[in-house]
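Here's a quick briefing to read alongside the coordinates. Have the viewer open and click along as you go.

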Amino acid sequence: MIALGARDRPDIARTEAEITGTQVPSCAAGRRSARGDRHGAGTRQHLSSDGVNDVLEARGSGEADGELYRIRHSLAHVLAMAVQELRPGTKLGFGPPIADGFYYDFVLPEPLGEHDLPELERRMRRILKRNVSFEREELPLEEAYDRLDAAGELYKREYAEELAQRQDLTTLSFYRSGDFVDLCRGPHVERTSKIPADAFKLRSVAGAYWRGDADNIQMTRVYGWAQRSKADLDAHVEAYRRSLEHDHKKLGRELDLYVIDEDVGPGLVLWLPKGTVIREELEKLAKELEFEAGYERIATPPIARTALYHRSGHLPYYAEHMYPFMELQEPSEDGERRVRDEYALRPMNCPHHHRVFAARPRSYRDLPLRLAEYGAVFRYEDHGALSGLLRVRGMTMNDAHIYCTEDQIKEEFIAVLRMHERVYEILGLDQYYMRFSTWDPSTDKGKAKYVDDPEAWEKTQRLVREAMEETGVQYVEGKGEAAFYGPKIDVQFRTVTGREETASTNQVDFAQPARMGLSYTGPDNQEHRPYVIHRAPLGTHERFAAFLIEHYGGVFPTWLAPVQVRVLVVSDRFADYARRIVATLRSDGVRAELGPPDETLGKAIRLATGDKVPNVLVVGEREAQDETVTLRRHGVRAQETMPAEEFRARVAEAIRTRAPAL
Ligand SMILES: [Zn+2]
Ligand SMILES: [Zn+2]
């Protein structure tokens with residue numbers, strides 16, 4: 001049996017918040033208020049806690065300690081020098097080299113915006129011209145701390161102390177360049193003359209929490225690109241511009257997929273007909289895979305009494321991330337109105353599903369019980385954090401909860417991992433990695449934040465680790481990244497625009513069932529606690545659609561495309577034949593349509609290209625006579641003429657198998 005420790009803080013929300021793209025919630029209300037610049041907050045959040053991922057990535061790219069790595073690292077210092085010139089009193093966070101450049105996090109006395117970047121670049125170039133040297137200094141700990149204290153560098157100080165403890169250091173290294181001194185392990189170039197002054201460029205300004213933790217202060221992060229030469233830089237910047245073309249907000253507008261209407265409310269998505277097709281296709285995919293895997297579907301309301309959330313532990317801590325509650329009032333004798341009942345829009349589906357489990361007595365024969373629902377949830381995000389489909393206030397989640405015995409955890413977890421892999425394979429998504437997030441009881445945070453049950457942690461982590469090993473899925477370990485109530489696997493994606501985001505999470509939960517009083521009768525006729533696996537391979541419709549729009553650049557594979565086939569005519573004389581083809585395809589369930597009337601063929605083809613229709617059929621005299629069609633695939637130069645029946649069979653097969661191409 002599992003009992004909750006006394007110190008537990010029910011911030012159960014953390015994990016699922018990540019799937020839905022909400023900012024990781026803080027429980028200590030008020031501490032999130034940003035004292036720094038909020039410019040760009042939420043639009044380019046990084047998940048890495050202290051830039052470590054980015055550093056690893058830079059190292060992983062074969063640049064470890066190489067020349068480019070030193071240049072990028074040195075430019076980060078030069079950037080900090082320029083910022084401190086422009087904004088005296090600026091405090092420093094982290095400033096690592098990253099895969100294509102560098103960044104530095106600052107706490108500024110006065111905000112910086114993108115319009116300040118040219119001035120910063122000018123100042124950086126001036127510093128480079130002075131040919132400043134980078135000199136390493138090793139200081140004993142106390143002296144190092146004194147230096148940081150004297151400089152008022154409280155963040156560096158906090159980190160220095162932690163680093164010294166963690167690595168059992170007796171000295172800390174600093175790098176001095178001119179008047180600027182920074183706590184840093186290096187390496188750097190010897191002198192700034194080694195840095196090509198025309199091969200770097202400041203890219204953007206974004207908000208980033210100190211150590212990636214939303215409980216901490218929000219800093220201002222300035223990103224820069226740095227390459228070996230101006231030519232490399234230009235090519236890189238051009239590739240970046242192209243990736244912005246894939247931005248889902250831009251494509252969502254151009255392709256008529258969704259709108260957000262101020263009258264309905266910020267962060268609340270109105271799916272247009274074409275976007276709704278994508279939603280429904282994803283839902284169909286999930287339902288098929290889940291049906292095959294033995295899930296059962298349920299349907300529960302997106303609203304519940306607040307008492308349910310008090311019981312589940314979401315309230316009161318999660319209240320600041322929920323829409324205001326609905327009070328049902330009734331008049332009393334003294335004429336005052338009293339609250340009779342109170343409801344809330346749900347921020348997650350779990351408590352509802354747990355009540356379905358509890359709706360009748362359960363036996364071990366019912367387990368594993370897999371309850372699935374595409375459930376609508378609502379989170380009251382900060383207005384400034386809202387961003388297209390990626391960060392919204394209302395979302396629909398590919399949710400399911402698997403109730404099982406301890407013996408079943410591993411097998412169920414493996415099945416869930418396999419389902420993830422299958423989903424990603426179908427969608428052609430390969431830019432992801434899995435992160436195994438575990439409990440770290442050695443930190444104060446680890447102790448305060450998590451269910452205090454070392455035995456249960458030990459056991460569930462072992463089971464998840466075994467499941468990962470058995471599937472052979474590659475993963476990195478994120479110590480101290482676990483959810484409050486159990487270990488989890490996060491699936492981390494890198495979007496085309498370079499953001500890393502959590503797409504989905506699988507998680508073993510050994511705490512909620514006890515809180516919610518869930519039990520089943522075992523073969524021994526005794527009551528036992530089930531475990532719960534929370535999972536959502538397709539995340540939320542909103543987030544996943546954003547990923548997919550960017551991943552495909554709006555050119556969806558046939559099965560997913562809002563318009564699968566558009567039929568164009570060489571001249572109006574063949575309109576009847578074209579109509580017949582459209583009708584036949586539609587009778588097969590294919591989303592086929594006629595091209596715009598009264599347009600020249602050339603214009604109609606250009607429009608179809610702009611609409612990113614994957615398959616365009618052109619029919620003229622010969623096609624009408626021979627019952628053929630001429631196929632133009634989006635982005636493919638060669639055309640192909642084939643019998644209309646052959647095309648019909650091919651498109652049906654491509655849709656049935658969800659093929660990446662026709
Ligand atoms: Zn450094
Ligand atoms: Zn859940």
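In which sense do strand β5 and β6 pair, and over how many bridges? Strand β5 (residues 171-177) pairs with β6 in the antiparallel sense, over four bridges. Keep in mind that this is a predicted model. The rest is sorted by topic below.

**The β4-β5-β6 sheet**

- β5 and β6 belong to an open sheet of three strands, ordered β4-β5-β6, with antiparallel pairing.
- The edges are taken by β4 (135-140) and β6 (180-183); each has a single partner strand, so one side of each has no neighbour in the sheet.
- If you ignore direction, neighbouring strands here are turned against each other by 30 degrees on average.

- Helix α3 (residues 67-86) lies across β5 and β6, and it runs at about 125 degrees to β6.
- Helix α5 (residues 141-150) lies across β4, β5 and β6, and its angle to β4 is about 115 degrees.

**Strand β19 and its partners**

- Is strand β19 (residues 488-494) largely enclosed or left open by the rest of the structure? Six of its seven residues are buried, so β19 is largely enclosed.
- On one pairing, strand β17 (residues 432-438) runs antiparallel to β19, and six bridges join the two.
- On another, seven bridges join β19 to strand β20 (residues 500-509), again with the strands running antiparallel.

**The α9 and α16 crossing**

- Now jump to helix α9 (residues 273-292) and helix α16 (residues 541-552), whose axes come within 11 Å and cross at roughly 105 degrees.
- That angle is why α9 counts as roughly perpendicular to α16.
- Which residues meet at this crossing? From α9 you get G275, I278, R279 and L282, and from α16 they meet H541, F544 and A545.
- By type, the residues of this contact between α9 and α16 split into four nonpolar, two polar and one charged.

Technical notes
Residues numbered from 1 in each chain as written. Chains lettered and ligands numbered in written order. Predicted model: local features only at pLDDT ≥ 70, side-chain atom pairs only at ≥ 80, totals over all residues. Axes fitted to C-alpha atoms, helices over the stretch in contact; angles between N-to-C directions. Parallel < 35°, antiparallel > 145°, perpendicular 65-115°, else oblique. Contact = placed C-beta atoms within 7 Å. Nonpolar A, V, L, I, M, F, W, Y, C, P; charged D, E, K, R; others polar. Pairing = 2+ DSSP bridges. Buried ≥ 20, exposed ≤ 12 C-beta atoms within 10 Å, placed from the backbone.
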